[in-house]
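Trainee: I have just opened this entry and would like to understand it step by step. Could we go through it together, with one question at a time?

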Amino acid sequence: MSEKNKIPEVDIVIDQEAGVIREVKPDKLRSKKGHERRVNTSIYVTLVLMSIIWLAPFVFLVFQSFRSYLTESGGMVNYLLPKQWSLDNYTWLLTDPSSDFLRWYGNTLIIALFCSVLQTFMVLSVSYALSRLRFKGRKLIMNVVLVLGMFPGFLTMIILYFLLRQLGLTQDGAVPGLILIYVASSGMGYYISKGFFDTIPKSLDESARIDGATRSQVFRLIIMPLAKPIVIYTILMAFMAPWGDYVFASYVAFGSKPNYNVAVGLYQWVNVNDYQGYFTRFCAGGVLVAVPVTVLFLALQKYYVEGVTGGAVKG
Amino acid sequence: MADLEYFKLSKPQKMLRGIGSFFARIPQGIVNGLKKLAQLVVSLFKGLGANIADLFTTFKNGDWKTRLSYLVMGFGSCARGQWGRGILFFLFQTVFNVYMFMPNAEFSGCYYLGKLSTLGTVETYKQGRKTVYGDNSFFILLYGVLTIFFIIAFIYTWRVNIKQNKINEQLLKSGHKLKTAKDDLDSLRDEQFHKTMLALPTLGVTVFTILPIFFMILVAFTNFDATHQPPGKLFTWVGWDNFNQLLAMDSASYGDTFRHVLLWTLIWAFFATFLNYFLGMLVAIMINKKGIKLKKMWRTILVMTIAIPQFVSLLYVSKMFAADGLVNTYLMKWGWISSPLPFWTDPVWARVTIIVINVWIGIPYLMLIATGILMNIPADLYESARIDGANAFQMYRKITLPYMLFVTGPYLLTSFTGNINNFNVIFLLSGGKPLSLDLAGGAGHTDLLITWLYKMTVNDTNYKLAAVIGILVFVVTAVINLIVYNMIPSVKNEEDFQ
Amino acid sequence: MKKFLAIVLTVVMVLSLASFASAEGFSGDIKIWVADKAVDFTVNQVETFKAAHPEYAGMTVTVEAVGEGDAANKVITDVESAADIYGFAQDQLGRLVQAAAIEVVEEENAKKVEAENDPGSVSAVKVGGVMYAYPMTSDNGYFLYYDKSVVTDPTDLDKILADCAAAGKNFYFEVNSGWYQVAFFFAQGCELTYETDNEGAYTKLNTDYASDKGVAALKSMIKMAKSPAYQNGSSLSTATNVGAIVDGVWDAGAAKELFGENYAATKLPVADGVQLSGFGGFKMLGIKPQTDDAKLAACDALAAYLTSEEVQLARFMDPNLQWGPSNLNAQQNEAVKADVALSALGAQLAYTIPQGQYPGGYWTTATGLGDDILAHKLDDADDAALLEVLKTFVANCEAAMNQ
């Protein structure tokens, strides 16, 4: 480890937000001041560098999306800034009759909206039942889910496809088909919200039960109002996931171009040879997908942080 | 060894000993696991025996209503006035019977069950120029499995139906009233509330997870591949052949390739988990330091990468690092290198590049998690350490790290197994490339088992080997989980956190 | 009950109508898969076909976009919901036949195809002795596109590389593809072909790669890959800073746009004293097995029409497609002859070997060899070591027959 990396470790020790620093004697503090400044400077340098590295790909992506596929080149080039800034790619995506982008966008949005409602319902049901109700077979269910989770997800792709096909939910029915698949097994991802329910004191339920409330009333009237953070977290996760699914979506929708989701539609523009010069349109499409999802995510960041932190701690 | 001797050892020795004891405990862990499995099997059989015995005694001691219920499900319930339950039982039995013995043989359960042992014998043939499809092995297997599930469900329901008769008889004998349909509905909102909540999820998981997994396990024992593709061709049972092909050492098999891919999968999972973990913690520590301003901004910048769909960001980054991509072009323009760096073409470079880019993806998550946990560390721990004269690094070693490791133990485990199946990063960045003459079966140097499985399924339609790989991924994950469960204390007890 | 009866009656009526119609034509649904950019073209051609054949006027034809590279995979995965007629590239034919996902060409049509198309394409649509598909294009070959201002002498590989390096430009050749790689091996006179039976099962591998000739070819590739100007790839839209590229006619439009007035195309260069060879490949239309004779007849007629002389010519004339015809008469058309890219392909034709049937394992083996070259694993190997590499290559190709 380099010197630079060691320094910050000094500083958690005097973890300010926990209020420890107040205990340090003033004279000690003064002697440390120069050292402190050097440490902070190097941290700032690191953070600025990191920010550049983290943001660069997205900034580049945005740059490329403004390079016209008509007047410049729609393919890949070896320079960053477009020679001429243009909105051609966006215009094409949104208005050209041969572009299905808006349709794909709509499909994905529909999937995402349905998933965020239905998945949340499934996840909350399972996690509530497993966290706050005690019944025979509870441990068994948890163990079975654990074991099922050890099988890789793509193993069952072919059979899921044919199950959906039997229901008429492939190709032209891909959108409801994908919703069904995403929702059906979503109950298995109960861990994080169960962890949250575990932290709500049991005494709340018990006193309500003594007052004559049924278990379903306890759930609806007492626990749900407290569970807002985890509900928002679950909705957020369920909403975001469908935007990125290429593998299964392409397997289910193949051939039926109007029923692709954005990931399938955009992915082929960079990886299928029939689409020459679509790279900048891919970038523009990527930007249009990323912006609303990112804005939503940043707006609800707080809940996300609570969710992952809780999830990591509770397992 | 006595504790005293242990303390005399130097640090490297202690570490070696620690590692040694880790591996020494593996066999014990496996033995314990097997013991538990054996206990489970024994208790299963015991339970089965008890159930069968109970069936006989219930029949012997029951009245005619109970006895008739053995044949007509729900009869006893109806006869005793529980119409709701009775009709449901009866309906279930009717549906089951219709499904099993439908006059149109093509759709009946018995038809599929009968064909299950061969997976179909009628070949597809031509009548003039048109094609007349024969048996479809795929659907025989699928509906065969479905039928078995249905039969199990039926037996279970039938058993419940009899148990209810017994209970009802006893209740009536002792002068109690039976539950009405309204009572039942009420209890679904109260005592039986878990049933209401779990009904839909259980159905979903059974049909879309358990059934498919069961099906694919069976596929591993068939020759379902590109040359045995229904509906044009039949496939059939081949026993352990596929496992042999994947694991055997001889040159016609994939044994060497499998071990190569497995090893890289484990190396990858290790780095993807622990490198991200420590670097993420480091970044969290930096951002949370008191003197640092704009905390929220730094965090937001990093966190943005989580929100952007990976198929956009990773595909783009992958193109950036191509031999003729932006990174190489600019490095060459600036004269730092004279020929392109082989990010994706050289096996070692490709692996390192993937791990490094994965740090880029992983740090934000870990930074968030670590931030939350660091704030929870009790401040007085550091205070007393300070009074004892500990320096910063010591405190990190003795307080921060152990605390983090303890609290995030379960997370590390799930993260490790999650990385074994981390499909997106590999698929979008390198697609498993570069390939090599040394590797068989289309596997590349950066392929994980899961991406190899994907290639087998989608590119080669080699479902039999894909199924075998899937099973082996399960075995690997299960073994790791078993070992770790027996070693990390904080994984075990869920009630501790309540 | 009444409702049920009504449904049954309707179904019976529809069925009888359908069977009545089938005596003369067909009026059900037919689905076609072609590349995305060919969808509009195909829709128009289908309309023309229906106008010319009143007996088929009642059928509903849907055209969907599935690329020629993907189609075969999708058809094999789920033949029942796949298109009735699908376009695909030649390398997939063997798999389709093995999976029983393609129908034999009707006898009369087969005779016509045999008489009217170039011999390479005719052999390409056959597996064993049986014709399984309708040849659609004969332009799936590759040659050299270059920038006149960069490359001074396009006939010699070393000079091309030197020119590109001097100008700071890249030379693209996809060495890790079994399709391009053969340019070097076949140039040295090597052979690599498979024999199949009529069901598509591979029976024999003929190859002499593991020889001095093979080693010479391998050394040429290794040398090329060492050049600082060399890049792996064959797609103009993902290539950057191109000085020259080995690519096919499908990129002609992109090349014209990229090089502007310096646009030029010619046959492949000479490498280490031998003229580079290559595969000539074909795109074709296949029909999936049908359970209804009337529908099969309709598919036959439609596929035959879509690969006929006038449609092939129209396909070439379409500015979005410009696909070179496999039909002999269409190839004689003045406009076809005058095309720069196609004449380069024509010039290369003398050195091109029509592509036969290859198992999937061949392509991955070739990619493996190419990736090893790109990883510079073989840079310092001597002749004996290279011969060993080629022996492994041949062994893998051999094993590929049974997978």
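Trainee: Which kind of model are we reading, and how is it labelled?
Mentor: Residues are numbered from 1 along each chain as its sequence is written, and chains are lettered from A and ligands numbered from 1 in the order in which they are written. Side-chain values use heavy atoms, without hydrogens and water, local features need pLDDT of at least 70 and side-chain atom pairs count only at pLDDT 80 or more, whereas totals for chains, interfaces and linings use all residues, and the model is predicted.

Trainee: What is phi of Thr461(B) near?
Mentor: Thr461(B) is a residue other than glycine, and its phi has a positive value. That phi is near 40°.

Trainee: Which peptide bond has omega near 0° and ends at Pro231(B)?
Mentor: Pro231(B) lies in the loop between α9 and α10 (241-247) of chain B. The bond that ends there is cis, with omega near 0°, and it runs from Pro230(B) to Pro231(B).

Trainee: And what is the form, cis or trans, of the peptide bond from Lys433(B) to Pro434(B)?
Mentor: Pro434(B) is found in the loop between α18 (423-429) and α19 (449-458) of chain B. The bond from Lys433(B) has omega near 0°, and its form is cis.

Trainee: How many residues apart are Arg85(B) and Asp184(B)?
Mentor: Over all chains there are 32 salt bridges (a side-chain nitrogen of Lys or Arg within 4 Å of a carboxyl oxygen of Asp or Glu). One joins the side chains of Arg85(B) and Asp184(B) at 2.6 Å, N to O. The pair links distant parts of the chain, with Arg85(B) in helix α5 (residues 83-100) and Asp184(B) in helix α8 (residues 181-188), and the two are apart by 99 residues.

Trainee: How much area is buried between chain B and chain A?
Mentor: The contact (heavy atoms within 4.5 Å) takes 107 residues from chain B and 115 residues from chain A. Buried area is the accessible area (1.4 Å probe) that two parts lose on being put together, summed over both. Carbon and sulfur atoms give 77% of this area, which is about 10100 Å².

Trainee: Which three residues supply 8% of the area that chain B buries against chain A?
Mentor: The share of 8% is what these three give to the area that chain B buries against chain A. This is more than any other three residues supply, and the names are Phe208(B), Phe311(B) and Tyr316(B).

Trainee: Which helix gives the most to the side of chain B that touches chain A?
Mentor: Across this interface there is one salt bridge, in which the side chains of Asp190(B) and Arg209(A) meet at 2.5 Å, N to O. The helix that gives the most to the side of chain B touching chain A spans residues 193-219 and brings 18 residues, and it is helix α9 of chain B.

Trainee: How much area do chain C and chain A bury between them?
Mentor: This contact takes 25 residues from chain C and 23 residues from chain A. Of the buried area, 48% is on carbon and sulfur atoms, and the total is about 1900 Å². In chain C, Asp36(C), Thr77(C) and Ser237(C) lose the most area to chain A, together 26% of what that side buries, while the value asked for, for both chains, is about 1900 Å².

Trainee: What supplies the largest share of the side of chain C that touches chain A?
Mentor: Three salt bridges cross this interface, including that of Asp78(C) with Arg165(A), whose closest N and O atoms are 2.4 Å apart. Both β2 (60-65) and α3 (68-77) of chain C supply at least two residues each to the side that touches chain A. The largest share is four residues, and it comes from α3(C).

Trainee: At roughly what angle do the axes of helix α3 and helix α14 of chain A cross?
Mentor: Axes are lines fitted to C-alpha atoms, for helices over the stretch in contact, and angles run from 0 to 180 degrees between N-to-C directions. Helix α3 (residues 88-95) and helix α14 (residues 279-299) have axes that come within 9 Å and cross at roughly 70°. Among the residues making the contact are Trp92(A) and Leu93(A) of α3(A) and Ala284(A) and Leu288(A) of α14(A), and the crossing angle is roughly 70°.
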